[in-house]
Amino acid sequence: ILSVCELSGRMDATNPGKKAKTTTPSCVIERKATLERITKETQVKVDLDLDGNGESDISTGIGFLDHMLCALTKHSRWNLILSCKGDLEVDDHHSVEDIGLTLGSAFQQALGERKGIKRFAHAYAPLDEALSRTVVDISSRPHSVINLGLKREKIGMLSCEMIPHFFESFAQEARITLHVECLYGFNDHHRAESAFKATALALKDAISDAGHGDIPSTKGVLA
């Protein structure tokens with residue numbers, strides 16, 4: 001995280017040693033993180049800006065996961081550069097899990113001390129006949145409940161069982177409470193995509209400015 005603080009007050013022209021009366025501090029927090037996770041199974045690189053404009057450059061080797069991460073980035077208004085080289089000759093488990101873990105770690109690092117954010121948020125997102133709901137608490141207590149009701153074995157080259165596991169891995173390292181549920185829909189592509197979009201919208205709202213500089217907890221900390 002980069003913090004840049006500036007003083008809007010200027011020196012009094014008539015008295016070089018004295019500041020003008022209107023001296024107001026203002027701080028601009030750049031919520032960014034760059035991380036790399038290297039194991040014998042995967043190499044994941046993430047460059048994340050939580051206050052971007054929805055731009056992404058994503059290459060995981062798994063086409064449908066790229067598509068979902070682009071949707072997550074677009075609707076959360078993050079900027080995300082993410083690449084993964086994984087042992088896809090084995091299967092997609094290691095890659096999807098490590099991408100979720102690394103993106104979650106980057107989110108946690110970029111967010112910082114969680115001061116002045118709304119903390120709680122929920123969102124619904126439809127995609128044709130499918131409708132999903134996400135509820136999030138930026139709590140520093142990792143927990144997830146994911147219920148997507150997917151029926152197919154795979155969507156493209158992404159195993160359907162790994163889609164909930166991505167959300168679980170992300171929530172674990174992001175240190176958030178995350179509930180994602182697809183309420184209905186018969187097309188698994190639509191069910192999954194609506195879940196990612198609902199999650200993007202909820203995260204965008206939860207980390208937005210609450211209009212105060214307080215830590216949103218009666219304990220005084222979110223850690």
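These legends describe close-up views of a predicted model. Local features need pLDDT of at least 70 and side-chain atom pairs count only at pLDDT 80 or more, while totals for chains, interfaces and linings use all residues. Residues are numbered from 1 along each chain as its sequence is written, and side-chain values use heavy atoms, with hydrogens and water left out.

View 1. Helices (H or I, at least four residues) and strands (E, at least two) are DSSP runs, numbered from the N terminus. Of the 223 residues in the chain, 45% are buried; buried means under 20% relative accessible area, exposed over 50%, and partly exposed in between (1.4 Å probe, protein chains only). Among contacts (heavy atoms within 4.5 Å) between residues at least 6 apart in sequence, 73% join residues at least 24 apart.

**View 2. An open sheet of four strands, in the order β5-β6-β8-β7.** Pairing in this sheet is mixed; two strands pair if DSSP finds at least two bridges between them. The edge strands, β5 (32–38) and β7 (56–59), each pair on one side only. Neighbouring strands of the sheet are turned by 5° against each other on average, direction ignored. Strand β6 (residues 42–49) pairs with β8 in the antiparallel sense over eight bridges. Leu 48 stands opposite Leu 80 in β8.

**View 3. Helices α1 and α2 against strands.** Helix α1 (residues 63–76) lies across β7 and β8 and runs at about 160° to β7. Helix α2 lies across β5, β6 and β8, at about 30° to β6. Axes are lines fitted to C-alpha atoms, for helices over the stretch in contact, and angles run from 0 to 180 degrees between N-to-C directions.

**View 4. Asp 87 in the loop between β8 (79–86) and α2 (93–111).** Not counting residues up to four places away in sequence, Asp 87 touches Glu 41, His 94 and Ser 95.

**View 5. Val 135 in strand β10 (residues 130–137).** Val 135 is partly exposed, because its relative accessible area is 36%. Not counting residues up to four places away in sequence, Val 135 touches Ala 121, His 122, Thr 177, Leu 178 and His 179.
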